[in-house]
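Hello,

Here is the structure I promised to pass on to you. Please have a look at it first, and then read my notes below.

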Amino acid sequence: MQPITSTDELASLCERLAAAEFVTVDTEFLRDNTYYPKLCLVQVADDDGAFAIDPLAEGIDLSPLMDLLADENVLKVMHACRQDMEIFHQMMDGALPAPIFDTQVAAMVCGFGDSVGYETLVTKITKAQLDKSARYTDWSKRPLSDTQLNYAIGDVTYLRDIYRTLKAELERENRVGWVDEETAMLRDPELYFVKPEDAWKRLKVRTNKPRFLGILKALAEWRELQAQERDLPRNRVAKDETLFEIAAHPPKDVAGLDRIRSIPKGFSRSRAGKSLMEALEKGLNMPESELPQIERAKPRPATPPMADLLKVLLKIKCQEAKVASRMVANSADIENWAAVPTTDIKAMHGWRYEIFGKDAEKLMRGDLALTAHKGDIEVVELESE
């Protein structure tokens, strides 16, 4: 197989794919030395063939592919698509592929367990075995080997049968809407962009002193902007420990930066050094009313015994419904709801309520019981007095 390396070839392919009911899509990328993922290969397939597109080919324009991804008449089928969507979000100027179908989400609704991997689905649904020997190769080097291309194409060819199998199961069980609800969240642009002013929230802070947090917020925003503008990993701009050190012991002038061990010599004389000092001044002069606040963690109350029973009920009901339990509720939700039943959680709405929430309410009211029978736990409705 030869990858598509010219704009004319790509335009011809995308014109053909635009007539398909669905196309399967996957990517290969690197992120070791960049802030943004470096797209190295795009694989697509329809019923009649599978193709590899080389985004690193000299002179290639990927606009036809972006138009295809945005085409509302063609369903884009991907597996665990969040990282792929992040790449396309960047390339499509903030837009996202639509419509989409994530086979990992669908598999969780169809009883394949939590966060099921592509290789597992290939084995269970198609009975094939994937060759994963090229998984950790350098996808940026050219030419790509036959082993690499065969590996990459396998990620979209088997996906066709997986999609059809899961789609048929969803339609049979009337669960198409469940998957639509989950994939809708994957089309939220906010999911794929870190706002520089919120970058400090990613840091593991051990103090809640407002001024320290104000300085740290300004420094983290500076680092995020530098990383985005220079397309470098955050820690290549400045390590977390460096930001903590500057926030705790702010240098009085730009020369003071050179006395911080984790900052390279000469950094104070660079343009980045000057902008870092400007960020530091911003943090030092931030009005008291604008300083970030971190509320002290309140002592967590003991988990109500009822929460343990609810978790058992969740497991039983999800096994019966053949849906991954994490799609319905997580431990924190159940513990919070057991402590304060007025707490609003997803499990008390829509299809989740029908599977679990309705019986959870009965268990809390004492209208339902869990009993042991022949080594299993069974759910028993109690008669009202």
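**Where α13 meets α14**

Let me start with a helix contact: Ile334, Trp337 and Ala338 in α13 touch Phe356, Ala360, Glu361 and Met364 in α14. Sorted by type, the residues of this contact come to 6 nonpolar, no polar and 1 charged. Please keep in mind throughout that you are looking at a predicted model.

If you want to find the two helices, α13 covers residues 331-339 and α14 covers residues 350-365. Their axes come within 12 Å and cross at roughly 35°. The crossing is right-handed.

The next contact to look at is between α8 and α11, whose axes are 7 Å apart and pack at an angle of about 150°. An angle over 145° counts as roughly antiparallel, so α8 is described as roughly antiparallel to α11. Here too the crossing is right-handed, as α8 passes α11.

The list of residues in this contact is as follows:

- From α8: Arg211, Gly214, Ile215, Ala218, Leu219, Glu221, Trp222, Gln226 and Arg230.
- From α11: Ala272, Ser275, Leu276, Ala279, Leu280, Lys282, Gly283 and Leu284.

By type, the residues of the contact of α8 with α11 divide into 9 nonpolar, 4 polar and 4 charged.

**Aromatic pairs**

How many aromatic pairs does the structure hold? There are 6 aromatic pairs, and I will describe two of them for you.

One is made by phenylalanine 101 and tyrosine 163, with 4.9 Å from centre to centre and 80° between the planes, which is an edge-to-face arrangement. This pair links distant parts of the chain: phenylalanine 101 sits in strand β5 (residues 100-102) and tyrosine 163 in helix α6 (residues 146-172), 62 residues apart. Both phenylalanine 101 and tyrosine 163 are buried. They also belong to one aromatic cluster, together with Phe22.

The other pair brings back a residue from the α8 contact. The ring centres of tryptophan 222 and phenylalanine 267 are 6.5 Å apart and their planes stand at 85°, so this pair is edge-to-face. Tryptophan 222 lies in helix α8 (residues 210-230), while phenylalanine 267 is in the loop between α10 (240-248) and α11 (271-284), so the pair ties together parts that are 45 residues apart in sequence.

Are these two residues buried or exposed? Tryptophan 222 has a relative accessibility of 7% and counts as buried. Phenylalanine 267, at 14% relative accessibility, counts as buried as well.

Helix α3 takes in residues 82-91, and its buried residues are Asp84, Met85, Glu86, Ile87, Phe88 and His89. What covers them includes β1 (22-30), β2 (38-46), α2 (63-70), β4 (75-78), β5 and α7 (176-186). Just after α3, aspartate 93 has a positive phi of about 55°.

**Proline 287**

Last, take a look at proline 287, which lies in the loop between α11 and α12 (305-321). Proline 287 has a relative accessible area of 38% and is partly exposed. Its C-alpha atom is separated by 48 Å from that of tryptophan 139, a residue 148 positions away along the chain.

Conventions
Residues are numbered from 1 along each chain as its sequence is written. This is a predicted model: local features need pLDDT of at least 70, side-chain atom pairs count only at pLDDT 80 or more; totals for chains, interfaces and linings use all residues. Side-chain values use heavy atoms; hydrogens and water are left out. Rings of Phe, Tyr and Trp (its six-membered ring) pair if their centres lie within 6.5 Å; planes under 30 degrees apart count as stacked, over 60 as edge-to-face and the rest as tilted. Helices (H or I, at least four residues) and strands (E, at least two) are DSSP runs, numbered from the N terminus. Buried means under 20% relative accessible area, exposed over 50%, partly exposed in between (1.4 Å probe, protein chains only). Axes are lines fitted to C-alpha atoms, for helices over the stretch in contact, and angles run from 0 to 180 degrees between N-to-C directions. A crossing is left-handed if the near helix is turned anticlockwise from the far one by less than a right angle, and right-handed if clockwise. Contact means heavy atoms within 4.5 Å. Ala, Val, Leu, Ile, Met, Phe, Trp, Tyr, Cys and Pro count as nonpolar, Asp, Glu, Lys and Arg as charged, and the others, Gly among them, as polar. Angles under 35 degrees count as roughly parallel, over 145 as roughly antiparallel, 65 to 115 as roughly perpendicular and the rest as oblique.
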